[in-house]
Amino acid sequence: MNRYICVHGHFYQPPRENPWLEAIELQDSAYPYHDWNEKITAQCYSPNANSRLLNGEARIVELINNYSKMSFNFGPTLLSWMKDNTPDTYEAIIEADRQSLMDFDGHGSGMAQCYNHVILPLANRSDKHTQVIWGIRDFEYRFGRRPEGMWLPETAVDLETLNILVSNGIKFTLLSPSQASRTRVLGSHEWIDVAGGKIDPTVAYKVNLRNGRSISVFFYDGPISQALAFEGLLNNGESLAHRLIEAFSDDRGPQIVSVATDGETYGHHHHRGDMALAYALHYIENNGLADIINYSAFLDKNPPMHEVRIFENSSWSCVHGVDRWKTNCGCNSGGHPEWNQEWRRPLRSAFDWLRDTVRPLFLKEARLLLSDPWEARNRYIDVVLDRSDDSVNRFLESNSSIDLNENGMIKALKLLELQRHLMLMYTSCGWFFDELSGIETVQVIQFAGRAVQLAEELFGNGIEERFLKRLETAKSNLPEHKDGREIYKKWVKPAVVDLAKVSAHYAISSLFQDYGEDSSIFSFNVTCEDYQKAQTGKVKLAIGRARLTSKTTRETEIFSFGVLHLGDHNVNCGVTKYQGDPEYGVLSQELMEAFSRADFAEIIRLMDQHFGICIYSLRSLFRDEQRKVLDQILEPALAEAESVYNQIHERHAPFLRFLSDLDQPVPKPLLQASVLALTARLRKAFSQIPFDSQLVRECLEEANFIKISLEDTTLESEFRTSLVVIAKQALDDPGDLDALKTLDEAVMLAQSLPFEVNLRKTQDICYRLATEFYRIRKSMNAEDKRRTTLRSAYIDSILDGLGILVRPTKN
């Protein structure tokens with residue numbers, strides 16, 4: 001067959017990590033999820049690893065790993081997060097690439113991506129090189145092979161970038177049809193104008209570069225890709241299949257119909273888009289309409305027969321080329337037509353100034369420590385991927401020009417971390433949207449802030465103030481945010497972390513949780529050298545000494561601390577660099593003696609005396625721990641409020657039923673009390689395993705009779721989380737009949753709830769459970785099968801309740 005289909009997904013999220021903590025902090029806008037990475041993973045990345053193929057009755061007949069059937073690239077920073085936070089989905093992606101190697105004659109479907117989504121035509125040459133090298137090395141580390149293709153961020157392209165791709169062994173890339181200028185048959189002198197998206201996207205093309213080099217380029221089908229992303233083509237899988245097939249010409253040789261969109265199209269932007277894709281590809285394969293393929297396999301079978309010239313400095317998401325990432329070109333999300341994006345140019349100019357000002361300072365210092373500073377930066381990705389002591393030591397041994405002592409090692413790592421953040425600050429999302437104070441733009445300014453902090457520590461020179469003068473010229477559309485300087489003051493300065501602040505976080509949080517001798521706080525290691533704690537009533541005092549060490553720079557320091565909690569949110573904490581045993585002994589003795597007398601005013605005076613201005617409070621805690629501590633502090637108050645609401649509800653429930661029966665409005669204060677009381681009861685019921693089904697049904701019946709709306713989002717999250725725990729317990733020990741019974745009852749309960757429960761994760765687990773059980777049962781003799789009859793009945797009931805029709809390998 002000469003008809004091939006390739007669906008490409010560009011799966012990417014901007015790096016959302018706090019630059020100082022190297023972790024994503026709590027994002028309330030993603031509720032009920034911890035952050036947006038977690039939310040989009042649940043909506044898109046995980047579903048595509050186990051997409052549902054349904055029959056005509058909307059029951060699951062097969063789970064399909066979409067990644068094994070499509071071409072894809074994942075942002076390296078996203079994969080890094082997924083490896084630590086959603087390992088099952090991460091492994092499914094890696095396994096899909098392994099499967100594609102077998103399915104497509106040794107050609108994997110995964111493509112590399114330039115590291116942190118920098119618009120390469122706007123980057124300097126050294127940054128282009130490092131972005132490509134880091135993207136390739138990250139891909140090799142994760143997928144265990146060299147990439148053949150590389151995705152260019154926003155498909156932004158120039159010839160220098162293509163030359164760098166080729167010099168690093170990349171064979172092809174993928175562009176928008178609007179980026180093609182003219183084509184000709186290889187060996188011909190006659191060029192054909194294809195501007196405006198008129199290029200034939202069903203074949204591969206060759207771009208000739210300098211020094212006799214060339215690279216292959218594919219152009220995706222623009223109209224179909226547009227329909228996928230924005231015109232509802234994913235509403236029906238069969239319609240998608242027919243639209244893809246209709247793109248073929250009958251009188252042609254080998255053709256590839258390829259589409260490309262953001263991978264988030266399949267599930268996040270379009271609910272159940274993953275299922276439409278799975279069905280479409282299944283329909284095409286089962287009916288023999290075309291062969292599914294990836295780009296590198298097609299290229300191997302059908303090398304380019306045409307040459308193409310491209311429009312340099314062009315992209316797939318800006319009709320003005322790459323202006324969207326540097327000027328007020330008019331491209332924006334459209335949500336606020338009254339706003340302008342004049343801030344883009346001064347923001348990029350400020351960043352360019354920072355990068356270029358630091359460059360000679362970096363080289364001067366780095367040449368004293370590193371044999372080749374730029375080559376060391378290119379290789380530093382090995383440390384980013386593995387920050388273990390062995391990895392860091394190997395890197396420094398192979399890249400240093402002298403034997404580095406501890407200070408030299410710290411300085412070398414700081415210099416390279418500086419360079420990492422000078423690249424992270426150019427992440428494209430910082431310019432893509434509409435407003436300077438938007439979350440994506442604040443994120444890149446924070447990366448710049450971390451670079452500024454490191455530059456100040458390494459070079460001094462008042463870099464921060466000079467940077468802020470330039471940032472000040474970037475004006476917000478919102479009067480309350482003024483300009484870049486104000487935004488830096490609001491969201492960057494409070495986020496800045498040093499060892500003293502980490503020490504304060506450790507000290508305060510130690511009152512609310514137990515740390516061992518060695519602990520980890522985000523990107524810092526903590527070794528407790530001494531810790532004393534006293535309590536009287538609600539008042540607590542802790543005094544201690546701990547060594548703090550940065551995992552990224554290896555910078556280390558010992559701090560003494562004292563923290564006083566007077567109850568509720570009243571926390572006073574002081575930290576100072578450890579001055580030696582005598583001073584620490586005096587500090588400990590004086591504070592403990594004052595506490596023994598319950599002289600809390602004296603403790604605060606002594607803390608001022610010993611710690612000076614280094615005083616911290618609950619405001620100083622990092623966001624996740626701050627939320628946990630506040631929840632602990634609020635717990636008694638919330639329990640008291642819950643008790644009051646319960647009393648109000650119990651006292652007035654009969655009257656509320658009477659009002660509802662008369663179809664009379666329920667007074668809002670009483671209605672709200674019932675909502676809070678019943679929601680609290682259900683949350684408690686959903687957090688207990690096994691579920692108290694009787695209590696749940698009584699609460700739901702009461703809510704239904706009074707005609708009140710419960711907090712569905714919260715309750716769904718609580719129930720879903722517990723249901724997954726129950727399913728995992730059954731998976732871990734499928735021979736435990738009690739666990740299967742509990743799961744069966746929980747699944748039946750899910751069907752009776754007045755809100756829709758996301759059963760996807762539970763379905764995935766139970767499919768695995770059933771697959772393994774029936775695989776074993778298939779080889780049993782008649783007697784053993786008889787003994788497992790009850791277990792089989794439970795599993796069948798669970799699968800029925802979850803809408804899974806097929807019993808895997810049951811025969």
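# A tour by selection

Select F11, Y45, Y67, F72, F74, F139 and F143: these residues form one aromatic cluster. Rings of Phe, Tyr and Trp (its six-membered ring) pair if their centres lie within 6.5 Å; planes under 30 degrees apart count as stacked, over 60 as edge-to-face and the rest as tilted.

This is a predicted model, where local features need pLDDT of at least 70 and side-chain atom pairs count only at pLDDT 80 or more, while totals for chains, interfaces and linings use all residues. Residues are numbered from 1 along each chain as its sequence is written, and side-chain values use heavy atoms, with hydrogens and water left out.

**Aromatic pairs**

The whole structure holds 39 aromatic pairs. Pick Y205 and F219 next. Their pair is edge-to-face, 5.6 Å centre to centre, with 75° between the planes. Y205 belongs to strand β10 (residues 205-208) and F219 to strand β11 (residues 214-219), so the pair ties together parts 14 residues apart in sequence. Helices (H or I, at least four residues) and strands (E, at least two) are DSSP runs, numbered from the N terminus. Both Y205 and F219 are buried. Buried means under 20% relative accessible area, exposed over 50%, and partly exposed in between (1.4 Å probe, protein chains only).

Now take F432 and F433. They also make an edge-to-face pair, at 5.0 Å centre to centre and 75° between the planes. F433 is partly exposed, at 31% relative accessible area.

**The open sheet**

Show six strands in the order β7-β11-β10-β14-β8-β9: they form an open sheet with mixed pairing. Two strands pair if DSSP finds at least two bridges between them. At the edges stand β7 (172-175) and β9 (192-193), each with a single partner strand, so one side of each has no neighbour in the sheet.

Zoom to β8 (residues 180-185) and β14 (residues 306-310). Five bridges join these antiparallel strands. V185 stands opposite H306 in β14.

Contact means heavy atoms within 4.5 Å.

Step back to E154, in the loop between β6 (150-151) and α5. Its phi is near 55°, a positive value in a residue other than glycine. E154 counts as buried, at 10% relative accessibility.

**Charges over rings**

Select R545 with Y584. The charged end of R545 sits over the Y584 ring, 5.0 Å from its centre. Then try R657 with F705, where the charged end sits over the ring at 4.4 Å from its centre. The criterion is NZ of Lys or CZ of Arg within 6 Å of the ring centre and within 35 degrees of the ring normal.

**Around α23**

Start at D663, in the loop between α22 and α23. Phi of D663 is near 60°, again positive in a residue other than glycine. D663 is exposed, with a relative accessible area of 61%.

Go on to α23 (residues 668-687). Its 20 residues reach 28 Å from first C-alpha to last, close to the 28 Å expected at 1.5 Å a residue. The expected span is 1.5 Å times one less than the number of residues. Buried residues of α23 include L670, L678 and F686. The helix's buried residues pack against α22 (623-661), α24 (693-706) and α25 (712-732).

Finish at P690, in the loop between α23 and α24. The peptide bond from I689 to P690 is cis, with omega near 0°.
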